[in-house]
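Trainee: Please take a close look at the aromatic side chains. After that, go on to whatever else can be described in detail.

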Amino acid sequence: MPEKNEPLVNEAEEPVHDVAVLGGGSFGSAMAKVLGENGHRVHFWMRDEAQAEEIRTTGINSRYMPDVEIKGDIQPTTDLAGAVRKAEIVFVAIPSKAFRAVIRENSDKFREGQIVVSLTKGIEAHGFKLMSEILQEEIPRCRIGVLSGPNLASEIVNRDLTATVIAAKDPEVRRSVQELLGCEYFRVYANVDIYGVELAGALKNIYAIVAGLASALNMGENANAMLITRGLAEMSRFAVSLGANPMTFMGLAGVGDLIVTCTSSKSRNFRVGHAVGQGKKLDDAVAELGQVAEGIYTLELVKEKAEAIGIYMPLVRGLYEILYGGASISAVINSLMMSVQNSDVEFILPRTIAE
């Protein structure tokens with residue numbers, strides 16, 4: 001493996017592909033860096049011309065990745081139509097709140113059969129729509145995929161060993177993304193359960209906030225393990241009720257992503273929870289972060305949806321009461337610990353039940 005500060009060499013002389021990355025935040029920058037170092041031509045779109053010019057002249061996105069040079073054939077642009085037109089595959093890393101608006105505004109720029117992959121872990125408020133569903137509605141002629149997993153952007157740009165999941169019904173979409181992104185430090189696994197992979201990526205942000213709270217309160221390692229595993233049970237119970245495959249939650253996009261976001265101070269959602277646990281107001285914690293913490297929005301939507309379909313989600317309810325209901329953290333924790341002690345494992349194989 002090359003040194004971390006050395007550019008990777010396309011030793012096999014693989015063909016150069018034109019790809020677009022839409023969104024100049026942390027994860028968009030990380031994927032642009034991987035693609036560029038894998039030898040591909042990256043049309044990197046962002047709204048801010050000053051940001052695009054900075055990357056164009058210095059290779060650095062100082063707002064999100066101040067100490068990282070994005071190397072390779074990176075072509076920053078504010079021309080979304082041009083970026084999409086030139087690209088074989090489009091990766092979309094736009095925050096969930098702006099996701100549909102940007103795609104709808106530019107829907108006529110996407111081609112028939114073009115591969116479009118969402119990198120965004122979030123849920124749209126109206127109709128409880130995931131990003132893949134928005135893509136299907138706005139650009140149905142395209143082939144859709146979702147990338148999700150335990151992928152902290154700061155570690156990917158540092159070339160730390162990382163694995164992710166590409167979920168798509170179309171095997172060509174899965175294969176193409178694996179070939180484009182796979183390298184010595186970034187491994188890409190495949191899954192057909194788009195809904196489960198994407199929902200896992202959105203839901204785990206809620207439990208990262210809970211874990212941040214627990215960390216600030218020094219609740220201990222046992223409590224952390226309890227919160228992670230009960231969070232996994234809760235999110236999988238909710239997702240399966242909406243049609244996801246329960247086994248997806250045993251993989252990288254489920255338990256893998258949950259572990260990293262619930263144990264790392266590099267996680268934005270964990271940091272927001274930690275700040276609230278230290279006594280800061282939610283708005284102040286978010287402002288201090290300076291980036292989008294998707295779990296804040298996801299929490300409200302999931303609580304509402306869970307109540308509407310009758311799914312028991314005590315951690316979601318408890319966190320909501322802390323952040324929006326003015327409840328004290330200790331009171332909510334006590335309530336959780338005094339609740340009914342139900343089954344440990346949510347999904348049991350039929351043969352186990354019969355024994």
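**Aromatic side chains and their surroundings**

Mentor: Y320 is partly exposed, with a relative accessible area of 25%. Y324, at 32% relative accessibility, is also partly exposed; by the cut-offs used, buried means under 20% relative accessible area, exposed over 50%, and partly exposed in between, with a 1.4 Å probe and protein chains only. This is a predicted model, in which local features need pLDDT of at least 70 and side-chain atom pairs count only at pLDDT 80 or more, while totals for chains, interfaces and linings use all residues. Residues are numbered from 1 along each chain as its sequence is written, and side-chain values use heavy atoms, leaving out hydrogens and water.

Y320 and Y324 both belong to helix α14 (residues 314-324), where 4 residues, about one helical turn, separate them. Helices (H or I, at least four residues) and strands (E, at least two) are DSSP runs numbered from the N terminus. Over the ring of Y320 sits the charged end of K303, 4.4 Å from the ring centre; this term requires NZ of Lys or CZ of Arg within 6 Å of the ring centre and within 35 degrees of the ring normal.

Aromatic pairs number 2 in the structure. Rings of Phe, Tyr and Trp (its six-membered ring) pair if their centres lie within 6.5 Å; planes under 30 degrees apart count as stacked, over 60 as edge-to-face and the rest as tilted.

Backbone angles come next. Most residues other than glycine have a negative phi. F128 has a positive phi, near 55°. R159, which is not a glycine, has a positive phi of about 65°. R159 lies in the loop between α6 (153-156) and β11 (162-167) and is buried at 5% relative accessibility.

An unreviewed UniProt entry lists K204 under "active site"; UniProt positions follow the numbering used here, feature names are shortened, and annotations may be inferred rather than shown by experiment. K204 is part of helix α8 (residues 194-216) and is buried, with a relative accessible area of 5%. Leaving aside residues up to four places away in sequence, K204 touches K121, M235, D257, L258 and T261, where contact means heavy atoms within 4.5 Å.

Finally, the strands. Strand β2 (residues 41-45) is mostly covered, since 4 of its 5 residues are buried. β2 pairs with strand β1 (residues 18-22) in the parallel sense over 5 bridges; strands pair if DSSP finds at least two bridges between them. D18 has R41 of β2 as its bridge partner. From β1 the chain passes through helix α1 (residues 26-37) to β2 in a right-handed β-α-β crossover, meaning that, with the strands pointing away from the viewer, the path from the first strand over the helix to the second runs clockwise. β2 also runs parallel to strand β5 (residues 74-77), joined to it by 4 bridges. There, H43 has Q75 of β5 as its bridge partner.
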